[in-house]
Amino acid sequence: AIEVLIELQTIERDVIGEEHPFFANTWLHLADCYRKMGDHEKARVPLETGLRIRRAALGDEHPDTGRTEDWMGSLLDALEERDAALQHFEQALKIFAAADPTGERDWDAWTLIRLGDCHGEMKAFEQAVAAYEKASVRFRKLENKAGLRWSESQRGLRLRDLGRHEEAVAALETATELYAETDYHWFAAKNFRDLGESLRKIQKPVHAADAFRKSIHHYQQYGNEAEKVASTQSLMGDALVAAGLFQLAQEAYTESSAGYRALKNHSGEAWSEFALGKTLQRVSRHYAAVDRFWNSHEAFERAGQDVDAAWLLDWHGLSLRKGRDNENAAASHRDGLGRFRKLKHSSGISATARHLGDALTSLGEYVEAAASYHEAAEAYRERSLSLDVADCLRLKASCFQKSGDETNAIIGYKEALTEYFSISRKDLRAGGASLAAYELGRILYDEKM
């Protein structure tokens, strides 16, 4: 096509001359070919040439000049030259206002959408919203549903970026109602999903879950969007948990996990299994949660997400402890702790070592528990979490006390108190300091007696 257009230019140059508006059309067709090939830089010169010819031949009040200004703005937006793009969009709007003073055409409305898109890419969300609002006003006046659903959809997203969630919901509801009347299932699905996320922001989880359900339906109608279906099912599960509808949430997460598994998306499967495990914990189904956390751990391993896989061993252990299986819980925590050590992950070391200490304490293995609490305290110290350091030192001292090692218990309680007293009053967990002081006093009193 490009070769044909270049040959046509040679003929037109001889027949009608280089300044004829028809000659501009050939330049613009050439620019459009490059644009469709994804080569925006090569499209620049043909489009600039076509615009120059139209300005000279048709003037600055002709709609074709306005449309070419709009195309130039879109090209520069794609090239990320957005300040220049804005100037062309504004010029296009001036031309359309002059060419269509009664506002019977929708030229300006579509340019306003592109102007809003450009502002949005520049993170100028207030200006983007203002452009979309003007476009919506024009589309409503013209009873143009196709334009209105697009402008309201984009306006809703930018309102959400501004944290104006109530207004975002209203805009997205308008867009979804209009898309639901069409066969544009992909766009309907996207808008229902965006609506669901905004409804979550204004604490309407039941309505959000319903929006996610409709999004899933439209993605399924569209086809070839299995990953979108799986991720939206997970979002629906989150909304149902927030609504306290735990059984429905379990079903949503289960379907999400199965969808990701079929796609061999191990990371997605892992997160869905993790969310399902947490939901099962909330309804005290700890043994069922254990299985889900293990599934999540294995999926993270398949995904090569070593840190997440280690964390899931810790969660696995915590769930075993809630099911009163402290022996297997300790084994799971040990495995997770070993992995965090290899990864030199201080946050994982501190939490998992502490949890291992709790499991070992429940098993009466006080010496090993004391060592775990000591490791946790040192890891918390690396992270400057003084309160957690103090608590772990107190728990270590308690283990020494339970094992009959009063000398190390006294040292431990004194270390814990020193740490507690170094903390500002507003951050001090008074209960921990009181316990340490009480147990230390009791040991010292017993020694005197």
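Helix α17 passes helix α18 in a left-handed crossing. A crossing is left-handed if the near helix is turned anticlockwise from the far one by less than a right angle, and right-handed if clockwise. The model is predicted, so local features need pLDDT of at least 70 and side-chain atom pairs pLDDT 80 or more, while totals for chains, interfaces and linings use all residues. Residues are numbered from 1 along each chain as its sequence is written, and side-chain values use heavy atoms, with hydrogens and water left out.

**The whole chain**

- The protein chain has 22 helices and zero strands. Helices (H or I, at least four residues) and strands (E, at least two) are DSSP runs, numbered from the N terminus.
- Buried residues make up 48% of the 449 residues. Buried means under 20% relative accessible area, exposed means over 50%, and partly exposed lies in between (1.4 Å probe, protein chains only).
- Take the contacts between residues at least 6 apart in sequence: 53% of them join residues at least 24 apart. Contact means heavy atoms within 4.5 Å.

**Helices α17 and α18**

- Helix α17 covers residues 326–343 and helix α18 covers residues 346–362. They pack at an angle of about 155°, with their axes 9 Å apart. That makes α17 roughly antiparallel to α18.
- Axes are lines fitted to C-alpha atoms, for helices over the stretch in contact, and angles run from 0 to 180 degrees between N-to-C directions. Angles under 35 degrees count as roughly parallel, over 145 as roughly antiparallel, 65 to 115 as roughly perpendicular and the rest as oblique.
- On the α17 side, the contact residues include Asn326, Ala329, His333, Leu337 and Phe340. On the α18 side, they include Ile349, Thr352, Leu356, Ala359 and Ser362.
- By class, the contact of α17 with α18 has nine nonpolar, seven polar and two charged residues. Ala, Val, Leu, Ile, Met, Phe, Trp, Tyr, Cys and Pro count as nonpolar, Asp, Glu, Lys and Arg as charged, and the others, Gly among them, as polar.
- Asn326 is found in α17. At 16% relative accessibility, Asn326 counts as buried. Asn326 touches Arg321, Ala359, Ser362 and Leu363, not counting residues up to four places away in sequence.
- Lys344 sits in the loop between α17 and α18. Lys344 has a positive phi of about 55°, although it is not a glycine. Lys344 is exposed, with a relative accessible area of 75%.

**Helices α8 and α10**

- Helix α8 (residues 145–161) and α10 pack at an angle of about 30°, with their axes 11 Å apart. That makes α8 roughly parallel to α10.
- This crossing of α8 past α10 is left-handed.
- Trp150, Ser153, Leu157 and Arg160 in α8 meet Phe187, Lys190, Asn191, Asp194, Glu197 and Ser198 in α10. By class, this contact has three nonpolar, three polar and four charged residues.
- Glu197 lies in α10 and is partly exposed, with a relative accessible area of 24%. Glu197 touches Arg160, Phe212 and Leu235, not counting residues up to four places away in sequence.
- Glu197 and Arg160 are 37 residues apart along the chain, and their C-alpha atoms are separated by 9.4 Å.

- Helix α12 (residues 226–242) has 17 residues, which should span 24 Å at 1.5 Å a residue. Its end C-alpha atoms are 25 Å apart, which agrees. The expected span is 1.5 Å times one less than the number of residues.
- Buried residues of α12 include Val229, Thr232, Met236 and Leu240. The buried residues of α12 pack against α10 (185–201), α11 (205–222), α13 (246–263) and α14 (266–282).
- Just after α12, Gly244 takes a positive phi of about 80°.
- Lys264 is in the loop between α13 and α14. Lys264 has a positive phi of about 60°, although it is not a glycine. Lys264 is exposed, with a relative accessible area of 66%.

**Helix α7**

- The 18 residues of helix α7 (residues 125–142) should span 26 Å, and its end C-alpha atoms are 26 Å apart, which agrees.
- Among the buried residues of α7 are Phe125, Val129, Tyr132 and Phe139. What covers the buried residues of α7 includes α6 (107–121) and α8.
- Just after α7, Glu143 takes a positive phi of about 55°.
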